[in-house]
Amino acid sequence: MSRQLHLNAFLMGVGHHEAAWRHPRTDARKLTDVKHFQRLAQLAERGRLDSVFFADGLAVGARIKHNTQAIFEPITLLTAMAVVTERVGLIATASTGYLNPYTLARSFASLDHISNGRAGWNIVTSAGADEAANFGLDGIPDHAGRYRRATEFVDVATALWDSWEDDALVLDATTGIFADPDKVHPIDHSGEQFKVAGPLNSPRSVQGMPLLVQAGSSEAGKDFAARYAEAIFTAQRSVEEGVAFYRDVKARAAKFGRSPDEVKILPGIVPYLAPTEEAARELEQQFTDLISPEYSLRQLSQMLGVDLTSHALDAPLPSLPPIEQIQGNKSRYQLVKDLAGRESLTVRELIAKLGGGRGHRTFAGTPEQVADNLEEWFEAGAADGFNVMPPYLPGGLEDFVDHVVPILQKRGLFRTEYTATTLRGHYGLAHRPSRYTPTAAETSA
């Protein structure tokens, strides 16, 4: 079979645009309605998408007056979505910054069992001061320290998922053997950040362990992704930037002894769809017109780590510190700084460009034009697929599924039916065996 796209639906409340909840195409009351999210999962499954994904934050912050994006804890929400779907993958964000690896490993193992092997973990390190304050810290841990903790955290979590061999669960009622204790292993981890005995109190799922996803694009983030990630969500604004990132990360993966094919790269795209390009641009402008400058300035301040809440909207950005001084999200900082400088944007113009996807690429056009654009990136070697970020929900996802997906299918770029039952299978990855499973060489020895 020829190479095909992977498509993930990045779901956020009633839409990715920061003013989506104010637009007449949405109903803000759905933000706390689990049936709304269950319907979105079913829509994604109807389109044969690989997966749905929820970001998460661990604080409200100072933006609550005008918007809040993450209300439900994502693993809990995805569990509710698992019971109304059969195939679509379910990816949740969870932070290595403040959580415990044993609790996280158990939660994802539960989701993986409940969904029959459709769970994925988006690994984040948490870079917000308001989040740190909720966990007893006076400031953000430094960038390098966050990645050191993340590395040890992932090593512990994967060891816990491996602690049960694939055939450890016996369930033999005649002999009274529930599990083979020789195939359930303590991990006895003692490191800089964590001390965990193990084993996990959950056997392995049908896909072995959850799919590992990562979204960092800093130097440390790219190394981390190349070492661990099986899917990477990234923000690239041009084909050229996409190709450079794609080649860089794939080369780094090879240096870690991994096949580049084991790492799927999915840039984000915020599609505004309409029967004509003019109508699509008008739709995008409707959302832009609903932006609250007060909210957007707080968003921008958080992205850049610089207080812009009293800065003039029609002035350019003030002088910004070099990236070496940034302890927050370095890659998003650089993206926003470069965007403002490259296009000589005022703050007002910048927040308009960021309103739809916080730095991710937006595209307004017909379904055919959107499909053409995705195919261009895919064929240029800038992407293995896309992180589709509907600006409003459910209509934005419904339009993509009903009008863009069929074009991609007709061109042979996307599946017409699911061929796998697990999330790993959707991404072209094999079942991940336990580290205790003998290799072929050991078996034949």
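Helix axes are lines fitted to C-alpha atoms over the stretch in contact, and angles between them run from 0 to 180 degrees between N-to-C directions. The legends below describe close-up views of a predicted model.

**View A. Packing of helix H5 against helix H6.** Helix H5 covers residues 143-162 and helix H6 covers residues 219-228; their axes come within 11 Å and cross at roughly 10°. Angles under 35 degrees count as roughly parallel, and H5 and H6 are therefore roughly parallel to each other. On the H5 side the contact is made by His143, Tyr147, Ala150, Thr151, Val154 and Asp155. H6 contributes Ala220, Gly221, Phe224, Arg227 and Tyr228. Sorted by class, the contact of H5 with H6 has 6 nonpolar, 3 polar and 2 charged residues.

**View B. Strand S13 and its pairing with S1 and S11.** Strand S13 (residues 385-388) runs parallel to strand S1 (residues 6-11), and 4 bridges join them. Strand S11 (residues 264-273) also runs parallel to S13, with 2 bridges between the two.

View C. Most peptide bonds are trans. The bond from Gly198 to Pro199 is cis, with omega near 0°. Pro199 sits in the loop that connects strand S8 (195-196) and strand S9 (211-214).

View D. Leu393 and Pro394 are joined by a cis peptide bond with omega of about 5°. Pro394 is placed in the loop between S13 and helix H13 (395-410).

**View E. Positive phi at Asn116.** Most residues other than glycine have a negative phi. Asn116, which is not a glycine, has a positive phi of about 60°. The residue is found in the loop between helix H3 (101-114) and strand S4 (119-124). Is Asn116 buried or exposed? The cut-off for exposed is over 50% relative accessible area, so Asn116, at 54% relative accessibility, counts as exposed.

**View F. Positive phi at Asp188.** Asp188 has a positive phi near 45° and is a residue other than glycine. Asp188 lies in the loop between strand S6 (177-179) and strand S7 (189-190). With a relative accessible area of 59%, Asp188 is exposed.

Definitions and conventions
Residues numbered from 1 in each chain as written. Predicted model: local features only at pLDDT ≥ 70, side-chain atom pairs only at ≥ 80, totals over all residues. Heavy atoms only, no water. Pairing = 2+ DSSP bridges. Buried < 20%, exposed > 50% of the residue type's maximum accessible area, 1.4 Å probe, protein only. Parallel < 35°, antiparallel > 145°, perpendicular 65-115°, else oblique. Contact = heavy atoms within 4.5 Å. Nonpolar A, V, L, I, M, F, W, Y, C, P; charged D, E, K, R; others polar.
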